[in-house]
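Morning, everyone. I have one chain to show you today.

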Amino acid sequence: MNAIVVAGDEETRVLLRGLLRLHHFRVDGEADGVRQAMELLARHRPSLLVVDVNLTEGSPTALLAEARGLLPQVRTILVAPASRPPQINGSTPVPDVILLRPFRIRQFAEALRPPAAGATT
């Protein structure tokens, strides 16, 4: 299982990378914005994309939309502060999981698991 991490803040990227490795994911690359993330997605074709809401360039919703266009099967996790949860509406690309900070390691592990057959996220 391989993943790409996208976050504008280096500390956030380090944290997410460490948690992914703890759960046996190979992190093929890290990006701080949409353009760099899309290059990594095209090159590595990961099974998982973990995106923080704070990016240095572009928006997480634009990244989710472009990522789904390139890799429709990629599982996506959007990380956001609990104080400012993302607003999801009909025109917004919906991630597979929204993980609100601060979170527990158990919650992160649960977000990594694909839903059971027939379940909705």
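Let me start in the sheet. Strand β3 (residues 48-52) is joined to β1 by four bridges, and the two run parallel. Strands here are DSSP E runs of at least two residues, helices are H or I runs of at least four, and both are numbered from the N terminus. Two strands count as paired if DSSP finds at least two bridges between them. At V6, the residue opposite in β3 is V51.

Before I go on, the ground rules. This is a predicted model: local features need pLDDT of at least 70, side-chain atom pairs count only at pLDDT 80 or more, and totals for chains, interfaces and linings use all residues. Residues are numbered from 1 along each chain as its sequence is written, and side-chain values use heavy atoms, with hydrogens and water left out.

Now the other neighbour of β1. Five bridges join β1 to β2 (residues 26-31), again running parallel. Here V6 stands opposite A31. Between β1 and β2 the chain passes through helix α1 (residues 10-22), and this β-α-β crossover is right-handed. That means clockwise from the first strand over the helix to the second, with the strands pointing away from the viewer.

So how buried is β1? Five of its five residues are buried, so β1 is largely enclosed by the rest of the structure. Buried means under 20% relative accessible area, exposed over 50%, and partly exposed in between, with a 1.4 Å probe and protein chains only. N2, I4 and V6 point one way, A3 and V5 the other. Take N2, in β1. Its relative accessible area is 11%, so N2 is buried. Beyond four places in sequence, the contacts of N2 include F25, R26, D28 and H44. A contact is heavy atoms within 4.5 Å.

Next, the packing. The largest nonpolar core has 18 residues, and I4, V6, L41, L49, V51 and L63 touch the most other members. Such a core is a set of buried Ala, Val, Leu, Ile, Met, Phe, Trp, Tyr and Cys residues, joined through side-chain atoms within 4.5 Å. β1, α2 (34-44), β3, α3 (60-70) and β4 (75-81) each supply at least two residues to this core. Helix α2 gives the most, with five. Apart from this core lies another, of 17 residues, among them L16, L19, L48 and A111. As a rule, nonpolar side chains in soluble globular proteins tend to be buried together.

Stay with α2. Leaving out residues up to four places away, L41 touches I4, P46, L49, L63, A67, L70 and L71. A37 is also in α2. With a relative accessible area of 0%, A37 is buried. Under the same exclusion, A37 touches V6, A31 and L63.

Finally, the whole chain. There are four helices and five strands, in the order β-α-β-α-β-α-β-β-α. For 121 residues, a compact globule would have a radius of gyration near 14 Å, and the chain agrees at 13 Å. That radius is over C-alpha atoms, and the rule is 2.2 Å times the number of residues to the power 0.38. Of the 121 residues, 43% count as buried.
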